Amino acid sequence: MIADNLLMQSVNITVIGMTIVFTFLLILVCIVFILGILNRWAEKYFPQETEADGAALAVAIAAAKRFQGR
C-alpha cells in the first residue's frame with residue numbers, strides 16, 4: 001500500500017514538473033516570436049545603416065581565411 005502511494009506521488013510530482021517546464025518553454029517561444037515581430041516592425045522605421053565598403057570587407061574575409069588556415 002505504501003509503495004502504491006509513493007508511486008502515485010512520484011507520478012504526480014513528475015507531471016507537475018513537466019507541466020511547469022512545458023509552460024515555461026511555451027512562454028519563451030511566444031516571447032521570442034513577439035520580439036521577432038517587434039524587430040521587423042522596428043526595422044521598417046529604423047533601418048540599420050551599413051557602410052561596409054569593398055576594401056574593408058575584403059580585409060575581413062582575408063583575415064578570416066588566414067585564421068582558419070592555422
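**Close-up views of a predicted chain**

**View 1. Phe-33 in helix 1.** Phe-33 is part of helix 1, which covers residues 2-45; helices (H or I, at least four residues) and strands (E, at least two) are DSSP runs, numbered from the N terminus. The model is predicted: local features need pLDDT of at least 70, side-chain atom pairs count only at pLDDT 80 or more, and totals for chains, interfaces and linings use all residues. Residues are numbered from 1 along each chain as its sequence is written, and side-chain values use heavy atoms, without hydrogens and water. Phe-33 counts as exposed because its relative accessibility is 53% (buried means under 20% relative accessible area, exposed over 50%, partly exposed in between, with a 1.4 Å probe and protein chains only).

**View 2. Ile-37 in helix 1.** Ile-37 also lies in helix 1. With a relative accessible area of 40%, Ile-37 is partly exposed. From Ile-37 to Thr-23 the C-alpha distance is 21 Å, and 14 residues separate the two in sequence.

**View 3. The whole chain.** The protein chain contains 2 helices and 0 strands. Its C-alpha trace spans about 80 × 45 × 5 Å along the principal axes. The radius of gyration is 26 Å, whereas a compact globule of 70 residues would have one near 11 Å; this radius is taken over C-alpha atoms, and the globule rule is 2.2 Å times the number of residues to the power 0.38. Among the 70 residues of the protein chain, 0% count as buried.
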